[in-house]
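Subject: The two-chain model, with notes

Hi,

Here is the model I promised to pass on.

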Amino acid sequence: MKRTISRKLTLRVALLLLLTLALLFVGSYHIVSGMVEDEMGHYTMAISGIYADMINQESSGMHIPIDSGFREVIEFYGDYICSWYRIDYAYMAAVDTEHNTLELLGMSQKEGAVEELPTSSEIGKVTEYVFSEEELAFLRGEELYFVSESTRFASSMDTAISVTDDFGNQIAAVVGVSLEKINQSIWEKFRIVALILLLVFVAITLALYFIIRKSVFRPARKISDAMTDFIRDGKRVGEKLDESGGDEFAMIAGAFNRMTDEIDDYVKNIQTLNREQDRQKTELDIAGSIQKGFLPAEKLSAPDYEIRAMMTPAKDIGGDLYDYLPLDEERTLITIADVSGKGLSASMYMAVTLMLLRQYALLGMEPAEILRNTNNALSDSNPRMLFVTAFVGIYNSRSGVFTYANAGHNLPYILQGRSIRRIEDGKNALLGIFRDEEYTQAETRLRTGDVLYLYTDGVNEATDESDAFYGMERLEQRLKTFRASHEESLTEYMQQDVRAFTGSAEQSDDITMLALTVKHRTQTELAPDPREFERVKQTILASALPRSLQLDLCVAAEEIFINICSYAFGETPPSEASIRFTFEHYDRVLIRFEDNGTAYDPTECVIAPEDYDIDGQIGGLGKLIAFSVTDEVHYACENGKNILTMIKYIQEEPS
Amino acid sequence: MTITKTNENGKITLRPEGWLDTASSPELGAAVDAIEAADELVLDFAQVEYMASAGLRQVVAAHKKAKALNAAFSVIHVGAEVMSIFRLTGIDKKMEIRE
């Protein structure tokens, strides 16, 4: 950067000087040539005077017409001056301005000096001649002498003196010098001048370059070096810049010094703040993972039911909770709760609430009693008046009865068949504020395929960018479409819609959900013998499913089972050969076969129904039928076992 | 599984009752094999609620047998469930199958 400025500057100034130099050249040339011409003019004029005088003295005056004697005199003295002086030719001519004639009287020249001089044959001849203005002025006597560049003879300069002879005839004594000579003279003189000018020019340019370098290049370089160092290390290396000088660079240096001081301070402040923030963030992260540890896993697959749950805090840790806990072989505790507020204090309160609810449940209490005792415990030690809404229930998987009580929480929904209904009873007081509150208890029956949906108000109060609420209507609508979607997880299904609604808006509250699906499941171990199929058939027919559905399931199960018997274990099945048959249904039916035979993926190479040709192939018919009557087929090989799962959706009979 | 056989002047009708699965299908096969001559062979599936691939194969075998005997062949009174299996495998296009 700095170098190009000096160079740029110098180049521009040099250009200017060059221009000036050119003008000086032209000017000085003119002056020199003028001077030389002047000098030459005076010189030749003097010579022509001598020329005329000499001739005058010799003869008794000049007269025309000339005789040969006169001509000799002219030429004698002409030759004389040509050889002694620096002229190229001399001649005399009689001029008549009235009749515009000219008569050459005598001609002398230096050897080979000028071309095109008239030959001797011209002498004595009277020729026509048009006189120029200057020539006329001179001949009339207005000018004392006459100098011109001769047009008669190429490339020469004439000087003439006018003389009148005794008879009143005008005679011009002309002396000429070739221009070559003149130009040579000019050039010699000019050369010296030019050289001097050039030297001066170069000297000035060099001096200029060094001056600029010193006053621009060096200070600029210093400043930019200081800046580069500062940027690289983030702090100033070395001393401050020199602010003396009073010029613009000094100003920049001063500003730079002050700026770097301020940046240094600022950076120190930020570093302190960052350290503080990092520390706090780490603590929150730790708290968040501890909290996650309190809550049970997001998924539980029990023989009689399936639980899916999730809790997403608005900040690093949340004040919501979900919980489930198998209390004994039949009963399972299901809870959802929402502590007022978010963040650290809410989550601490949440942990306490969770533990209390669990402990009272484990003591064998029913939901209403659980809430009553928890409320008392919380309100006894709640100086900050944090309150909790909670819904507590116990599900008995043998009887299908769900007993519950509510403390101010959002009422859950039950999906039954194609419809949804909301749990009605009970919206009692919040937990944690007043002692000895009473809670009412109620019960309802859940059947195979029913889904119980619990949630906190983080769902219905989720906001989008325009601060509109997700709302209960949209929530109910979404629940209604769950069956038809054939999605597996209700919590995932609801979450998708909430996410779609909120878009890029920040999450305003903790979002928590729990879904419990009642299902029927049986599991049987079978030997690889086609006769065992009878047991499979009985299991399927014993389920409370529509007949046509049962028949389809039987066909699918039979084909696969027979296939496994035929191929998985060879001619003689080993003694530990086993096939596990799992039959599960809620809103869909799952048939699972697990065998420890040779690894084989039946989903490979299944012919499409359109391509099946019974005349050609007999094999593969079973698979074709099995996979066609079911909706989904999944194969996995885990721990050396083939696991084939077939799923058929339960289409509700139109009512 | 019981199979009732009737013969009306060369038109032999076999009427299986029950499920046509892997265990019971061979019985149908045996009944078909026992036929020595016929002008027409009819399988009446009015009492067949269920058919697996083993049963399907027996139907195909019966069709072949009928051809060998130069007899006409048809399957009648087929229920919706069993009909869907026939359709699935394209059998309904290869032979006479009626509801």
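A word on conventions comes first. This is a predicted model, where local features need pLDDT of at least 70, side-chain atom pairs count only at pLDDT 80 or more, and totals for chains, interfaces and linings use all residues. Residues are numbered from 1 along each chain as its sequence is written, chains are lettered from A and ligands numbered from 1 in the order in which they are written, and side-chain values use heavy atoms, with hydrogens and water left out.

Chain B

Chain B has 3 helices and 6 strands, where helices (H or I, at least four residues) and strands (E, at least two) are DSSP runs numbered from the N terminus. Along the sequence they come in the pattern β-β-α-β-β-α-β-α-β. Chain B has 99 residues, and 51% of them count as buried; buried means under 20% relative accessible area, exposed over 50%, and partly exposed in between (1.4 Å probe, protein chains only). Of the contacts in chain B with a separation of 6 or more, 63% are between residues 24 or more positions apart, a contact being heavy atoms within 4.5 Å.

Helix α2 of chain B covers residues 53-68. Its 16 residues should span 22 Å at 1.5 Å a residue, and the end C-alpha atoms are 23 Å apart, which agrees. The expected span is 1.5 Å times one less than the number of residues. Buried residues in α2(B) include B:Ser53, B:Leu56, B:Val59, B:Val60, B:His63 and B:Ala66. An α-helix has 3.6 residues a turn, so residues three or four places apart point the same way. Just after α2(B), B:Asn70 has a positive phi of about 60°.

Where the chains meet

The contact involves 23 residues from chain A and 17 residues from chain B. Together the two chains bury about 1800 Å², with 62% of it on carbon and sulfur atoms; buried area is the accessible area (1.4 Å probe) that two parts lose on being put together, summed over both.

How many salt bridges cross the interface of chain A and chain B? The rule finds 1, a salt bridge being a side-chain nitrogen of Lys or Arg within 4 Å of a carboxyl oxygen of Asp or Glu. That bridge pairs the side chains of B:Glu49 and A:Arg547, at 2.8 Å from N to O. On the side of chain A that touches chain B, the elements giving two or more residues are α12 (533-542), α13 (547-567) and α14 (621-629). The largest share, 9 residues, comes from α13(A). By class, that side of chain A has 13 nonpolar, 3 polar and 7 charged residues. Here Ala, Val, Leu, Ile, Met, Phe, Trp, Tyr, Cys and Pro count as nonpolar, Asp, Glu, Lys and Arg as charged, and the others, Gly among them, as polar.

Salt bridges in chain A

Over all chains, the structure holds 26 salt bridges. One of them joins A:Asp323 to A:Arg358, with the closest N and O atoms 2.7 Å apart. A:Asp323 lies in strand β9 (residues 320-326) and A:Arg358 in helix α6 (residues 343-362) of chain A, so the pair ties together parts that are 35 residues apart in sequence. A:Asp323 is buried at 1% relative accessibility, and A:Arg358 is buried at 15%.

A:Arg580 and A:Glu525 also meet through their side chains in a salt bridge (2.7 Å, N to O). A:Arg580 is in strand β19 (residues 579-585) and A:Glu525 in strand β18 (residues 520-526) of chain A, so this pair ties together parts that are 55 residues apart in sequence. A:Arg580 is partly exposed at 29%, and A:Glu525 is partly exposed at 42%.

There is also a network of salt bridges that links A:Glu306, A:Arg308, A:Lys519, A:Arg521 and A:Glu584.

One more residue to look at

A:Thr517 lies in strand β17 (residues 511-518) of chain A and counts as buried at 14% relative accessibility. Leaving aside neighbours within four places in sequence, A:Thr517 is in contact with A:Asp304, A:Tyr305, A:Glu306, A:Asp450, A:Val451 and A:Tyr586. A:Glu306 is also part of the salt-bridge network.

Best wishes
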